[in-house]
Amino acid sequence: MLQKIGVAGVGGQGSILVSHLLAAAAIKASMKVRVGETFGGAMRGGPVFSHVKIGEGESPLIGECEAELILSLEPLEGFRAAVRFLSEGGWLVSNTRPWYPLEVNVGYTQYPTINEIKVAISEIEGKCFFLDAIDLAVRAGNIKTMNVVMLGTMYSAFDLGIDEGFFREAIMDAVPPSTLKTNLKAFNLGVQYGELRFPKARS
Amino acid sequence: MVGGEWAKKRRRVLLLGNQAIARGAIEGGIGVASAYPGTPSSEIIGELARVSRDYRYYVEWSTNEKVALEIAAGAALVGVRAIVAMKNAGLNVALDTFMTLPYGGVRGGLVIVVADDPGAHYSSTEQDTRRLGAYARILCLEPSTPQESKDMTRIALEISEETELPVLLRSITRVSHSSADVVLGEIPKREGALGFNKHWGMPYRWNVYGSPGAVGKHRWLEERQAQLQQVAEESIYNSVHLVGASTGIVGAGIGYAYVLDVLDELELNSQINLAKVGTPYPLPATKLQRLLESSKQVIVVEEGEPFVEESIKQLAQRLDCRCKIIGKGAGSPIPLYGELTPELVRDQIAGILERSLRKSTKRRQWEKRWKDRISSRSSTLCPGCPHLGAYWSLRKALERVGGNVPIINGDIGCYEQGGYGVFSQQVTATSDVSRMYQISSSYEILDTNYVMGSGIGLSQGERKAGYCDGPVVAVVGDSTFFHAAMPAVVNAILNDADIALLVLDNKWTSMTGHQPSPVTGRTAEGKKSRALNIAAICKSFGAEFVREVDPYDINESTIAIEAAIRHKGFGVVILQRECALQRVRSRRKETKVMQVDEEACVECKACLQLGCPAIRFRNGKVNIDELLCVGCGLCKRICTMAGITDR
């Protein structure tokens, strides 16, 4: 059962909602939870990383090299988080579409390739998979639900010890009622994708 | 934020530390809540405003932290419990009142919440405001989790009433902005104690100068310290657990949480005498004495300055105790700057107890090998941000005024990103006087930046000292104008300083989460209210040069800024356009987006210098990200080839 999960993204993608939905679902499952994050980069396009500790731990931060899973809404942010926090043999699960930083946009720095990221992760015996969560979100009806798609995939691909119903309840509690149907559809599409493509990921 | 589930009456919910503080204030029976937005404290009053219609208390965003504290103090003087919240720098603004209020104290409970920011994720300094609690001689509580944040807030209000002094609750980013499962408590019926008595318990109680005068009230305050000491001794948030070990560890605030995790990981629980400190001032001397007298060495783990460490050293000296006290700074893996992390705490404890460090050499080498492939990602101004237009216009105006070395004095808010220096990582600093550095984007434009409202005073000082190597300009936002800048503006008008002031009025206090400012026309609870007019205010102060322009209109803005700079004396240009994020949120239909005509593009890269994150230079051509673009048209206006159009 996973206990130390990092959630990475770019400010504005909704990674913080993912960490809170995961934590809220865990609480409904009667687990203890700690979430550590900062909101500075959020909305201003900076990196966002949330530490989610389920079931054990008193402090809100995951130690370096301790994250069993890093769920990322964006490849560069997943890579950034993994180099610091991913444990040997840990999982990096990332959305595949890049969100280019200003530095890359003006040609000041380079964006890493997906292949580079895979090679890097393999060097610490880690495992890595990328999915086009944006495509699934568009199918659900709104591109902004990409974050909830990723939550669904995480649920079905890994053993979190939390019933699916608790995730749905958490989504119902959190999102505006007019977006509920789309969000639940996005979650379902993410779940189905996880079941289909990565049944072996369950630890 | 998930967790605003109070109405659903669940007992155990996910709460952000700040939401927990808000809940604690309601459980503590507040009647008044006030604050000025300041990260990481803003969600406290934000949450109280969000749920206020379910409870009966008054809540507001005040013009600045000093006013906010005075509003809460006013409530306390007439017997009503109150909470005021601010960030670390905010306490500096409120310090006059903070230091003087304890000379006489309060009747209704008053809790002053200050959220520090170790690591300076959101702040200009890492200052540790526990020192200011001790400076003001009031009880300081330091929570280590969101649960404690809630409970301590409620208890602070009770203690404040018992001791007749305000109580400081010192939170930090990693508690205020962390989330955890929190068990909710009951909400009491608020009992009326409303009334005013000018000689309540002491002649001229609320009047520092009235007999017995300031010294007499200082004496009263000193006599109260014994009562505060008693509170600390009896507090459940201070504990000591002896196991007969030779090493002890004291964890203060969140330091305790890190210590627990490290002791678990290293399996040292039965081998360490452990103490928790939840009242860094005053320290629970009796409990700590037991620890000091049974340990050969004691490690102190705390977030911020070595405040508890120094106090424990003083205590050990008073007790004539030989115990070695180990903290942060020289000789420790934990430096005096930067925030605590699990690694630092682990390294310190593991080092002293001779356990191995976690990270292998192989891992360190791996990280080093890959770190250059991880591009930095600077935070930026948003697509469509009016400040992009304002800064572009300022650059153009400076070019037109010609040569020389301008000084652009910045301020705090989203526009402070004009000083983040995103592309200046390769600057070679020199000691040449008045050296002109290239401004290559909106992010290199601010030359000075300290605190709220400081740019205007600095500008005047630069001029009055005789600086004449170039234009002197100050930049300020709408919220900051009222918070801090007005006295400096009055000063500039009276001394006729030859400076230009740009007021970037985007209608909201944006950086901290879009709280209303005095120009917005909304209350904290979202009701309509009066909206003040900055141009009218400047004119009423007697400013002779006041112009209002739209920062999306680059031509108009550049002309106005140039004229303000050329004007001999104080010139004000107010650049008014609502924050793009707020506009996008309130828009119902799809917005237009811009696109680049690839054949027209000559790669001059003028549009890239605008600083908009939606504009990309890929494969030799400029391209606009249709998911990010909000269609403001700034790039269209600055394109040298008229190559950007509506899609």
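Guide: Let us begin with burial, for which the term buried means under 20% relative accessible area, while exposed means over 50% and partly exposed covers what lies in between. Please keep in mind that this is a predicted model. B:E47, with a relative accessible area of 4%, is therefore buried, whereas B:R50, at 44%, counts as partly exposed.

Visitor: Which kind of interaction do the side chains of B:R50 and B:E47 form?

Guide: The general idea of a salt bridge is a side-chain nitrogen of Lys or Arg within 4 Å of a carboxyl oxygen of Asp or Glu. In this case the side chains of B:R50 and B:E47 meet in such a bridge, at 3.0 Å from N to O. Both belong to helix α2 (residues 42-51) of chain B and, because they are three residues apart there, about one helical turn separates them.

Visitor: Which residues are joined into one network by salt bridges that share partners?

Guide: The network formed through shared partners consists of B:R23, B:E27, B:K150, B:D151, B:R154 and B:E158. Within this group, B:E27 forms a salt bridge with B:R154, and the closest N and O atoms are 4.0 Å apart. B:E27 lies in helix α1 (residues 17-27) of chain B and B:R154 in helix α6 (residues 146-163) of chain B, so this pair ties together parts that are 127 residues apart in sequence. As for accessibility, B:E27 is buried, with a relative accessible area of 4%, and B:R154 counts as partly exposed at 23%.

Visitor: Where in chain A do the partners A:R84 and A:E64 lie?

Guide: A:R84 is in helix α2 (residues 75-85) of chain A, while A:E64 is in the loop between β3 (47-54) and β4 (67-72) of that chain, so that the pair, 20 residues apart, links distant parts of the chain. Their side chains meet in a salt bridge of 2.9 Å, N to O. A:R84 is partly exposed, with a relative accessible area of 39%, but A:E64 counts as buried at 11%. Over all chains, the structure holds 56 salt bridges.

Visitor: How should I read the interface, and how many residues of chain B are in contact with chain A?

Guide: The size of an interface is often given as the accessible area lost when the parts come together. Here chain B and chain A bury about 5,900 Å² between them, with 56% of it on carbon and sulfur atoms. In terms of residues, 68 of chain B are in contact with 71 of chain A.

Visitor: How many salt bridges and polar contacts does the rule find across the interface?

Guide: Nine salt bridges are found across the interface of chain B and chain A, along with 26 residue pairs in polar contact. The elements giving two or more residues to the side of chain B that touches chain A include β8 (179-183), α9 (254-266) and α13 (361-370) of chain B. By class, that side of chain B has 30 nonpolar, 17 polar and 21 charged residues. One of the cross-chain pairs is B:R363 with A:E88, whose side chains meet in a salt bridge of 3.8 Å, N to O.

Visitor: Which strands are joined by bridges between the two chains?

Guide: Strand β2 (residues 33-36) of chain A is joined to β8(B) by two bridges, and these strands run antiparallel.

Technical notes: Residues are numbered from 1 along each chain as its sequence is written. Chains are lettered from A and ligands numbered from 1 in the order in which they are written. This is a predicted model: local features need pLDDT of at least 70, side-chain atom pairs count only at pLDDT 80 or more; totals for chains, interfaces and linings use all residues. Side-chain values use heavy atoms; hydrogens and water are left out. Contact means heavy atoms within 4.5 Å. Buried area is the accessible area (1.4 Å probe) that two parts lose on being put together, summed over both. A polar contact is a pair of N or O atoms within 3.5 Å; within protein, one must be able to donate a hydrogen and the other to accept it, and residues adjacent in sequence count only if both atoms are side-chain atoms. Helices (H or I, at least four residues) and strands (E, at least two) are DSSP runs, numbered from the N terminus. Ala, Val, Leu, Ile, Met, Phe, Trp, Tyr, Cys and Pro count as nonpolar, Asp, Glu, Lys and Arg as charged, and the others, Gly among them, as polar. Two strands pair if DSSP finds at least two bridges between them. Buried means under 20% relative accessible area, exposed over 50%, partly exposed in between (1.4 Å probe, protein chains only).
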